[in-house]
Amino acid sequence: ILLVHTRFELSAYRAQDLPPCTVPEIVFSGRSNVGKSSMLNKLANQKNLARVSSVPGKTVSVNFYRCDRPGDFRLVDLPGYGYAKAARAEKIKWSSLVESYLVGRPAVLAVQLVDSRRSLTADDADMLRYFREQSIPFVVTMTKMDKLNVTEQAARLAAFPPETGVEDARIIPFSARTGLGVDALTAAIAAALPG
Ligand code: GTP
Ligand code: MG
């Protein structure tokens, strides 16, 4: 397992706490509660690497995880966006922190998470547009696939790609529960790393 040696490095709550970008970074982006922390735990095969919560909007920091074998790189967990109940002040804080992270810091790969039961949101589309504009390679993962029955899965897999608006978007169905997509996503991460 590529990411088995991943450990927590630090959480940045303010722009000035962001560490300099000294190693390649894989960034994980998606709305609040979409399953980012669960995905990280599954990829690293660790139960409590990232904190999972059923209460949306918990993660307000940019969380850095470090993996130094093989190579040396980071997994970066962005705070989830789109949490409707968040106060306006919180939303502004979110966007300035995330912007501070994203600007001038090209990740070697962005993993955009989208709930397999929902359509792409405007925020999701904004993130994809940003990655394309910045020429950051990205994959789109459809999370929580285990919550759909076989018929629903087929329907979402057919309907989803056009919604991304990206003709050749790489889409990976994923479930942190069953492990669906772990191998495909791990391979995409491995391929994105230099060397
Ligand atoms: P924030 O940190 O608030 O942005 O959320 P997050 O994107 O990190 O989501 P998190 O991993 O904390 O998961 C949110 C909820 O969804 C938790 O209750 C998880 O148990 C559940 N969940 C995550 N992934 C899956 C999955 O693949 N299948 C199922 N059934 N539930 C999942
Ligand atoms: Mg989280």
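Mentor: A residue is buried if 20 or more other C-beta atoms lie within 10 Å of its own, exposed if 12 or fewer do, and partly exposed in between, with the C-beta atoms placed from the backbone. Helices (H or I, at least four residues) and strands (E, at least two) are DSSP runs, numbered from the N terminus. This is a predicted model, in which local features need pLDDT of at least 70, side-chain atom pairs count only at pLDDT 80 or more, and totals for chains, interfaces and linings use all residues. Residues are numbered from 1 along each chain as its sequence is written, while chains are lettered from A and ligands numbered from 1 in the order in which they are written.

Trainee: Which residues of helix 3 are buried?

Mentor: An α-helix has 3.6 residues a turn, so residues three or four places apart point the same way. In helix 3 the buried residues are Asp 124, Met 127, Leu 128 and Phe 131. Seen down the helix axis, they fall within an arc of 95 degrees (taken over the directions from the axis to the C-beta atoms), so they line one face of helix 3. These buried residues pack against strand 2, strand 5, strand 6 and helix 4 (150-164), where contact means that two C-beta atoms, placed from the backbone, lie within 7 Å.

Trainee: How many residues of helix 1 are buried?

Mentor: Helix 1 (residues 36-44) is mostly covered, with eight of its nine residues buried; among them are Met 39, Leu 40 and Leu 43. The elements that cover these residues include strand 2 (25-30), strand 3 (62-67), strand 4 (73-77), strand 5 (109-115), strand 6 (138-143) and helix 5 (182-192).

Trainee: Which residues have the most contacts inside the largest nonpolar core?

Mentor: In soluble globular proteins, nonpolar side chains tend to be buried together. A nonpolar core is a set of buried Ala, Val, Leu, Ile, Met, Phe, Trp, Tyr and Cys residues joined through C-beta atoms within 7 Å. The largest one here has 42 residues, and Ile 26, Phe 28 and Leu 40 have the most contacts inside it. Strand 5 gives the most to this core, with five residues. Leaving aside neighbours within four places in sequence, the contacts of Leu 40 are Phe 28, Leu 49, Ala 50, Tyr 65, Leu 75 and Asp 77.

Trainee: Where is Leu 75 placed, and what is it in contact with?

Mentor: Leu 75 sits in strand 4 and counts as buried because it has 25 C-beta neighbours inside 10 Å. Beyond four places in sequence, Leu 75 is in contact with Thr 6, Ile 26, Phe 28, Leu 40, Tyr 65 and Cys 67.

Trainee: Which way do strand 3 and strand 4 run?

Mentor: Two strands pair if DSSP finds at least two bridges between them. Strand 3 and strand 4 run antiparallel, joined by five bridges, and Tyr 65 has Leu 75 as its bridge partner in strand 4. Strand 1 (residues 7-12) is also antiparallel to strand 3, again with five bridges, and Phe 8 has Tyr 65 as its partner. Strand 3 and strand 4 form a hairpin with five residues between them, and Gly 71 in the turn has a positive phi of about 70 degrees.

Trainee: What is the omega of the bond that joins Arg 69 and Pro 70?

Mentor: Most residues other than glycine have a negative phi, and most peptide bonds are trans. The bond between Arg 69 and Pro 70 is cis, with omega about -5 degrees, and Pro 70 lies in the loop between strand 3 and strand 4. Asn 33, which is not a glycine, has a positive phi of about 80 degrees and is found in the loop between strand 2 and helix 1. Lys 144 also has a positive phi, near 60 degrees, and its place is the loop between strand 6 and helix 4.

Trainee: How many helices and strands are there in the protein?

Mentor: The protein has five helices and seven strands, in the pattern β-β-α-β-β-α-β-α-β-α-β-α along the sequence. Its radius of gyration, taken over C-alpha atoms, is 16 Å, close to the 16 Å that the globule rule gives for 195 residues, so it is as compact as a globular protein of that length; the rule is 2.2 Å times the number of residues to the power 0.38.
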